[in-house]
Amino acid sequence: MKFRFNAPLILSIPVLVALLISLMPVTSSAFVPEDLERLKESKKCPGCDLRGADLRGLNLNGSNLEGANLMGANLEGATLENAILEDASCEKANLRNAKLHGTSLDHATIDEADYKGADLQDVIWIDGRVCKKGSIGICK
């Protein structure tokens with residue numbers, strides 16, 4: 001009995017493997033260094049990729065971060081008063097003790113973000129409501 005290879009089947013296996021690999025989600029926690037520099041220099045960085053960036057204690061008052069990716073970023077103690085974070089991705093971001101007074105988070109995603117001790121007074125929250133006086137760590 002002779003063993004015969006089916007050439008079309010054998011040739012299609014590498015194609016199928018490549019296709020499966022290309023469909024797998026790619027996760028990365030690295031930010032784009034040029035975006036971080038642009039934010040520090042101009043405070044204007046809409047759509048920037050700042051995933052996992054260390055922004056602790058920075059003065060980012062009035063910054064435009066609309067649509068920015070801040071997933072996993074460390075903003076602990078940062079000052080973001082009157083900043084624009086509309087439509088930003090803030091999942092798993094550390095915003096402990098951040099000063100967000102007057103910032104707009106309208107339509108931002110904040111799943112698992114840590115706002116413990118953060119000043120949220122007058123913040124436009126993800127659902128469009130304005131956080132009341134005394135909103136520390138939670139929008140009242």
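Colleague: What percentage of the residues in the protein is buried?

Modeller: Of the 140 residues in the protein, 32% are buried. Buried here means under 20% relative accessible area, exposed means over 50%, and partly exposed is in between, with a 1.4 Å probe and protein chains only. Keep in mind that this is a predicted model: local features need pLDDT of at least 70, side-chain atom pairs count only at pLDDT 80 or more, and totals for chains, interfaces and linings use all residues. Residues are numbered from 1 along each chain as its sequence is written, and side-chain values use heavy atoms, with hydrogens and water left out.

Colleague: OK. And what does the accessible surface come to?

Modeller: About 8,600 Å², and carbon and sulfur atoms hold 58% of that. The areas come from the Shrake-Rupley method with a 1.4 Å probe; for residues, only the protein chains shown count as cover.

Colleague: How many helices and strands does the protein have?

Modeller: Two helices and zero strands.

Colleague: Let's zoom in on H2. Which residues are buried there?

Modeller: H2 runs over residues 33-42, and its buried residues are Asp35, Leu36 and Leu39. They lie on the same side of H2 because they cover an arc of only 100 degrees around the axis. The arc is taken from the directions from the helix axis to the C-beta atoms.

Colleague: Why would residues a few places apart end up pointing the same way?

Modeller: An α-helix has 3.6 residues a turn, so residues three or four places apart point the same way.

Colleague: And which exposed residues sit on the face turned away from the buried side of H2?

Modeller: Glu34 and Glu41. Just after H2, lysine 43 takes a positive phi of about 60 degrees.

Colleague: Which other residues have a positive phi without being glycine?

Modeller: Asparagine 97 is one, at about 60 degrees, and histidine 107 is another, with phi near 65 degrees. Asparagine 97 is in the segment after H2, and histidine 107 is placed in the segment after H2 too.

Colleague: Are those two buried or exposed?

Modeller: Asparagine 97 counts as partly exposed because its relative accessibility is 44%. Histidine 107 is exposed, as its relative accessible area is 53%.

Colleague: Switching to sulfur. How many disulfides are there?

Modeller: Two, where a disulfide is a pair of cysteine sulfur atoms within 2.5 Å. One links cysteine 45 and cysteine 48, with the sulfur atoms 1.6 Å apart. The other joins cysteine 131 to cysteine 139, S to S 2.0 Å. With the bonded cysteines numbered in sequence order, the pairing reads 1-2, 3-4.

Colleague: Left-handed or right-handed, that link of cysteine 45 and cysteine 48?

Modeller: Left-handed, with -80 degrees about the S-S bond. The disulfide of cysteine 131 and cysteine 139 has a torsion of about -115 degrees, so it is left-handed.

Colleague: What about cysteine 90, buried or exposed?

Modeller: Cysteine 90 is buried, with a relative accessible area of 2%.

Methods
Helices (H or I, at least four residues) and strands (E, at least two) are DSSP runs, numbered from the N terminus.
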